[in-house]
Each structure stands twice: as structure tokens, then as C-alpha cells.
Amino acid sequence: MSGVSGSLTIGFVGAGQMATALAKGFVAASTLPPDSILAYDVLPAAGEQFVKQTGSRVVKSIRDVALESSVIFLAVKPQQMAQVLTELRDTVCPDHLIVSIAAGVSLKTIAADLGQEVRLIRVMPNTPCLLGCGASAFSRGTHAKNDDAELVQRLLSNVGLAVEVPEKLLDAVTGLSGSGPAYVYQIIEALSDGGVRMGLPRETATKLAAQTVLGAAQMVLATGQHPGTLKDAVTSPGGTTIAGLHALERGGLRGILMNAVEAATERARQLDAS
């Protein structure tokens with residue numbers, strides 16, 4: 001399996017929001033036609049939404065996913081993983097590439113439960129994948145090939161940014177980009193509140209706050225410059241921006257955000273160990 005091709009078929013075990021987002025991204029980027037993607041979910045409503053939003057199809061069992069797919073995405077909740085792996089064990093073969101997007105389930109656990117030397121890659125995506133603006137990191141298992149990692153890189157790049165990291169760093173990825181959208185939502189809400197306090201209508205304040213965060217993020221990615229350099233470029237001596245930055249420093253914003261990433265990372269490690 002050297003890459004994206006007409007012979008590639010992708011099956012999702014679990015047809016929830018993240019599976020649907022990934023499938024939509026693959027179709028929208030013309031990576032795969034809808035009829036090369038399929039899914040199974042225990043909830044009929046989830047399957048119906050998957051079909052409606054992707055133009056793909058659902059099958060009747062996990063076994064059908066394995067029989068009809070060359071790449072299997074495990075897109076279920078961590079507490080459902082053991083049962084899913086039990087059902088997959090007798091159907092998965094060395095020709096399959098298994099991609100897990102379940103948080104807190106290690107490569108070692110998945111490989112042990114499948115009972116064989118599987119080609120396995122673990123992914124930590126985040127919810128902006130729904131809009132093609134995701135930040136995903138992935139780690140390869142012992143038996144995954146370079147071609148497998150390259151394929152996953154290309155697939156995930158259809159729904160945003162994708163980087164490869166050692167598995168020991170996936171908990172930090174969870175604490176940063178996995179949980180990060182929630183931190184940013186609070187920042188946007190707080191900026192909007194500040195605008196309202198200064199007299200702006202709520203709708204206007206929220207739109208300006210969200211667009212400001214979006215634009216600043218795009219500046220970092222597009223220019224490749226350090227965020228501190230970009231900050232300095234808009235900070236005039238004795239001006240409004242430095243007054244605002246001084247207030248943020250007095251409030252400890254940077255330390256608070258660093259603490260949030262640390263706390264979420266530690267919680268992810270606890271889940272991994274459970």
C-alpha cells in the first residue's frame with residue numbers, strides 16, 4: 001500500500017462526528033470517492049448521518065468493515081475499544097492498516113488485544129477537523145511501515161495539519177491541541193466580554209474576537225515567525241497594545257495557559273495508565 005490510490009478502501013468502526021469529519025475531508029479533497037469509504041456504528045442514527053454527510057455507505061457489522069476495507073479507522077470511545085478489538089481479532093490480517101483515533105488507548109494495548117503483529121498507527125486529532133482545520137498528531141506502531149505513515153500523513157492533511165511524534169508525546173498533544181480548542185473558546189468568549197464591557201454589541205464583539213484569533217493563528221502559520229516577533233510588530237512604545245499586554249502579564253495569562261496544557265496532559269497520562 002504505497003499511498004492513496006484507486007484500490008484503497010477505508011472503513012470506520014464508529015460513525016460519529018470525527019469519523020464523519022475525516023470521511024468528508026477525504027471526499028472533498030478527491031482523495032477517495034464516496035464508494036471507497038464505509039462505516040459501521042451500533043447507533044443507526046449515527047450511520048444515517050454518516051451516509052447523509054459523506055455520500056458513503058454503512059455496513060451491518062464490524063466484521064464487514066474488516067472484510068471490505070484495506071485501512072480500518074477505530075473511531076470509538078475508549079471504553080468501547082476492548083469489545084471492538086475482540087470482534088476484529090479474527091478478521092484482521094497483515095494486509096490491514098489499523099488507525100486508532102481513540103484517546104487513552106495505547107499502541108501496545110491495541111496490538112495485544114488484536115493478538116497479532118498488526119500494522120498500527122495511533123492518531124490524536126481535534127474537533128476543528130470538522131471544518132478541515134484540524135491539528136492532528138500520529139505515532140506508528142512497531143510493525144507499521146514507512147508507506148503506512150506517509151499514507152496517514154496524507155489522509156490527515158486533508159482535514160488540517162498533521163505531524164508525526166513518538167507515542168510518549170501523544171499525551172502532551174492531547175493536552176495542547178486535543179484539548180486546546182476549549183481553551184481558545186474561553187479566550188474568544190473573554191475577549192468578547194471585554195468588547196461588550198467597552199460598549200460593543202455582543203454579536204459584533206464575538207465576531208471580531210473570533211476573527212482576530214483566526215487571523216493571528218494564520219499569521220503564525222503563514223509567516224513561520226515566532227509568535228513573540230509577531231507580537232512585537234504590533235506593539236508600539238507607549239501604545240494601546242503594550243497597555244493590554246501589561247494587563248495580561250499582571251493576570252498571569254501565559255502561566256495559566258501553560259498550567260492548562262500541563263493539567264490536561266497529566267489527565268491524559270492517567271487515562272493511558274488506567
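Before the rings, I noted the rule: rings of Phe, Tyr and Trp pair if their centres lie within 6.5 Å. I also kept in mind that this is a predicted model.

**Rings.** I looked up the aromatic pairs, and by this rule there are four. Ring pairs join Phe12, Phe26, Phe50 and Phe73 into a cluster.

**Main core.** Next I turned to the largest nonpolar core, which has 32 residues. Ile10, Phe12 and Phe73 have the most contacts inside this core. I then listed the elements that give two or more residues to the core: strands E1 (10-13), E2 (37-40), E4 (71-74), E5 (97-100) and E6 (119-124), with helices H1 (17-28) and H6 (146-157). H1 brings the largest share, six residues.

**Ile10.** What does Ile10 touch, leaving out residues up to four places away in sequence? I found Phe26, Leu32, Ser36, Ile37, Leu38, Ser69, Val71, Phe73 and Leu155.

**Whole chain.** I counted 12 helices and eight strands in the protein chain. Its C-alpha atoms fill a box of roughly 70 × 35 × 30 Å along the principal axes. Of the 274 residues, 38% count as buried. Among contacts with a separation of 6 or more, 62% come from residues 24 or more positions apart. The accessible surface is about 15000 Å², and carbon and sulfur atoms hold 58% of that.

**Charges.** Last, I looked up the 22 positive and 24 negative charges, whose mean positions are 5 Å apart.

Definitions and conventions:
Residues are numbered from 1 along each chain as its sequence is written. This is a predicted model: local features need pLDDT of at least 70, side-chain atom pairs count only at pLDDT 80 or more; totals for chains, interfaces and linings use all residues. Side-chain values use heavy atoms; hydrogens and water are left out. A nonpolar core is a set of buried Ala, Val, Leu, Ile, Met, Phe, Trp, Tyr and Cys residues joined through side-chain atoms within 4.5 Å. Buried means under 20% relative accessible area, exposed over 50%, partly exposed in between (1.4 Å probe, protein chains only). Helices (H or I, at least four residues) and strands (E, at least two) are DSSP runs, numbered from the N terminus. Contact means heavy atoms within 4.5 Å. Rings of Phe, Tyr and Trp (its six-membered ring) pair if their centres lie within 6.5 Å; planes under 30 degrees apart count as stacked, over 60 as edge-to-face and the rest as tilted. Accessible areas come from the Shrake-Rupley method with a 1.4 Å probe; for residues, only the protein chains shown count as cover. Lys and Arg count as positive and Asp and Glu as negative; His and the chain ends are not counted. The place of a charge is taken as NZ of Lys, CZ of Arg, CG of Asp or CD of Glu.
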